[in-house]
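Colleague: Could you walk me through this one? I'd like the fold at a glance, then some packing detail.

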Amino acid sequence: NFTNSLLQVYGGESQFPIIENGLSLTIRGSYLERENGEAAFYLEKIFFHGYKSKIQYYRAYSRLFLKRILYNWGECGGLLLALLSGSKEYTSFEVQENFSKAGLAHVLALSGMHLSIFASLPGRFFKKKSEMFSLIVVFLFVWFAGLSPSLLRALISMIISLVCKKLSIKTDL
C-alpha cells in the first residue's frame with residue numbers, strides 16, 4: 001500500500017507529507033512480473049520534494065482539510081466534496097451513475113454554474129461593492145478547486161461581464 005509505505009518512510013503521521021495536486025515526489029521501485037502473469041510494484045524509496053510555492057501548499061492543505069471533514073459525513077460529504085472541489089473520490093459509483101442517468105453529470109463537474117452560485121453569495125451580505133466581493137470569492141473558489149477549462153471560461157466571462165458593467169456597456173446575456 002502506497003500510504004503505508006509513505007508512513008514507514010516518514011516515521012508516522014506527524015512527519016507525513018500532504019499529498020494533493022502539485023506535490024512533487026520521486027519514487028524508486030521495482031516492477032516484477034511473476035510466472036503466473038501477475039505483476040507487482042515494490043516501493044524502495046520515496047524522495048519528497050515538496051511544493052513549488054507556499055500558495056500550492058496552502059491550497060493542498062485546505063483541500064485535504066475539507067476532505068477529512070467531509071469524509072466523516074459519508075455519502076453526503078462525498079457529494080458535497082464533488083460539488084465544491086470537483087473531487088469525486090468519495091462519491092459512490094451509484095451516485096455518479098444516477099447523476100449521469102438523470103442527465104446531471106455536469107453538476108458534479110465544476111463549471112460556470114458553480115461560479116455563479118459562489119458569485120451570488122456576497123450579494124446577500126454586502127449591498128455596496130458586491131461585485132468586488134463576488135470577484136474575490138470566485139477567485140478563491142477557482143484557486144481552491146483548481147483551474148479547469150470550464151472554470152477558466154466562466155471566470156473570463158465573469159470578468160468581461162464586470163468590466164462591461166463598470167464601463168456602462170450593455171450586454172445581452
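**Fold and packing**

Modeller: Residues 24 or more positions apart account for 46% of the protein's contacts (heavy atoms within 4.5 Å) with a separation of 6 or more. This is a predicted model, where local features need pLDDT of at least 70, side-chain atom pairs count only at pLDDT 80 or more, and totals for chains, interfaces and linings use all residues. Residues are numbered from 1 along each chain as its sequence is written, and side-chain values use heavy atoms, leaving out hydrogens and water.

Colleague: In what order do the elements of the protein run from the N terminus on?

Modeller: There are 8 helices and 2 strands, taken as DSSP runs numbered from the N terminus (H or I, at least four residues; E, at least two). Their order is α-β-β-α-α-α-α-α-α-α.

Colleague: Which residues of α2 make the contact with α3?

Modeller: On the α3 side, the contact uses Gly77, Gly78, Leu80, Leu81, Leu84 and Ser85. From α2 come Arg63, Leu66, Lys67 and Leu70.

Colleague: Is Cys164 buried or exposed?

Modeller: The cut-offs are under 20% relative accessible area for buried and over 50% for exposed, with partly exposed in between (1.4 Å probe, protein chains only). Cys76, at 59%, is therefore exposed. Cys164 comes to 14% relative accessibility, so Cys164 is buried.
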